[in-house]
Amino acid sequence: MMADALQIQVNGQPRNCRSGSTVGDLLRELGIKTERVAVELNLEILERKDFELRSLNQGDRVEILSFIGGGGLVPGERIERGRTDV
């Protein structure tokens, strides 16, 4: 694990992120555009305006839901190479 890193879970998969990272930082790192997702942090659905304000903490559980086709939400099964595979 990198220095000053936190261990979190993203869509059920363990992931390291920098201490002090926000949800917005995580989405950028994963290459995910904020206008096409909903994010749940520890069972709380976040408003997009809060992505840059909400800091990530050790053990946080993040679920990223992608909008598809007709506008429905589908939970991402895995985050891989910066995208949500559904």
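**Strand pairing, core and charges**

Trainee: Which residue in strand 2 is the bridge partner of Val10?
Mentor: Bear in mind throughout that this is a predicted model. Strand 1 covers residues 5–10 and strand 2 covers residues 13–18, and the two run antiparallel, joined by six bridges. Within that pairing, the partner of Val10 in strand 2 is Gln13.

Trainee: Which residue in strand 5 is the bridge partner of Val10?
Mentor: Strand 1 also pairs with strand 5, which spans 61–68, and here the pairing has the parallel sense, over two bridges. In this second pairing, the residue of strand 5 that is bridged to Val10 is Val62.

Trainee: In the hairpin of strand 1 and strand 2, which residue takes a positive phi?
Mentor: Most residues other than glycine have a negative phi. The hairpin has two residues between its strands. The residue there with a positive phi, near 50 degrees, is Asn11.

Trainee: What pattern does the protein chain follow when read along the sequence?
Mentor: The secondary structure comes to one helix and eight strands. The helix, helix 1, spans 23–29, and Thr22 lies in the loop between strand 2 and helix 1. Read along the sequence, the pattern is β-β-α-β-β-β-β-β-β.

Trainee: Leaving aside its neighbours within four places in sequence, with which residues is Val23 in contact?
Mentor: Val23 is among the core members that touch the most others, and two of those, Val39 and Leu56, are also on its contact list once the sequence neighbours are set aside. The complete list is Val39, Leu41, Leu46, Phe51, Arg54 and Leu56.

Trainee: Is Thr22 buried or exposed, and what is its relative accessible area?
Mentor: Apart from neighbours within four places in sequence, Thr22 is in contact with Phe51, Glu52, Arg54, Ser55 and Leu56. The cut-off for buried is under 20% relative accessible area. Thr22 is therefore classed as buried, since its relative accessible area is 9%.

Trainee: How far apart are the closest N and O atoms in the salt bridge of Asp25 with Arg28?
Mentor: Side chains of opposite charge can pair when their charged atoms come close. Asp25 and Arg28 are three residues apart in helix 1, and therefore about one helical turn separates them. Both are partly exposed, Asp25 with a relative accessible area of 22% and Arg28 at 49%. In their salt bridge, the separation of the closest N and O atoms is 2.6 Å.

Trainee: Which residues do salt bridges that share partners join into one network?
Mentor: The count of salt bridges comes to five, and one of them joins Asp50 and Lys49 at 3.5 Å from N to O. In that pair Asp50 is buried, with a relative accessible area of 18%, whereas Lys49 is exposed at 59%. The network built from shared partners consists of Asp25, Arg28 and Glu52.

Trainee: Where does Leu43 lie, and is it buried or exposed?
Mentor: Leu43 has a positive phi of about 75 degrees although it is not a glycine, and Asn42 likewise has a positive phi, of about 50 degrees. Asn42 is placed in the loop between strand 3 and strand 4 and is partly exposed at 39% relative accessibility. Leu43 lies in the loop between strand 3 and strand 4, and at 76% relative accessibility it counts as exposed.

Trainee: What share of the accessible surface of the protein chain belongs to carbon and sulfur atoms?
Mentor: Buried residues make up 37% of the 86 residues in the protein chain. The accessible surface comes to about 5400 Å², and the share that belongs to carbon and sulfur atoms is 47%.

Key:
Residues are numbered from 1 along each chain as its sequence is written. This is a predicted model: local features need pLDDT of at least 70, side-chain atom pairs count only at pLDDT 80 or more; totals for chains, interfaces and linings use all residues. Side-chain values use heavy atoms; hydrogens and water are left out. A nonpolar core is a set of buried Ala, Val, Leu, Ile, Met, Phe, Trp, Tyr and Cys residues joined through side-chain atoms within 4.5 Å. Buried means under 20% relative accessible area, exposed over 50%, partly exposed in between (1.4 Å probe, protein chains only). Helices (H or I, at least four residues) and strands (E, at least two) are DSSP runs, numbered from the N terminus. Contact means heavy atoms within 4.5 Å. Two strands pair if DSSP finds at least two bridges between them. A salt bridge is a side-chain nitrogen of Lys or Arg within 4 Å of a carboxyl oxygen of Asp or Glu. Accessible areas come from the Shrake-Rupley method with a 1.4 Å probe; for residues, only the protein chains shown count as cover.
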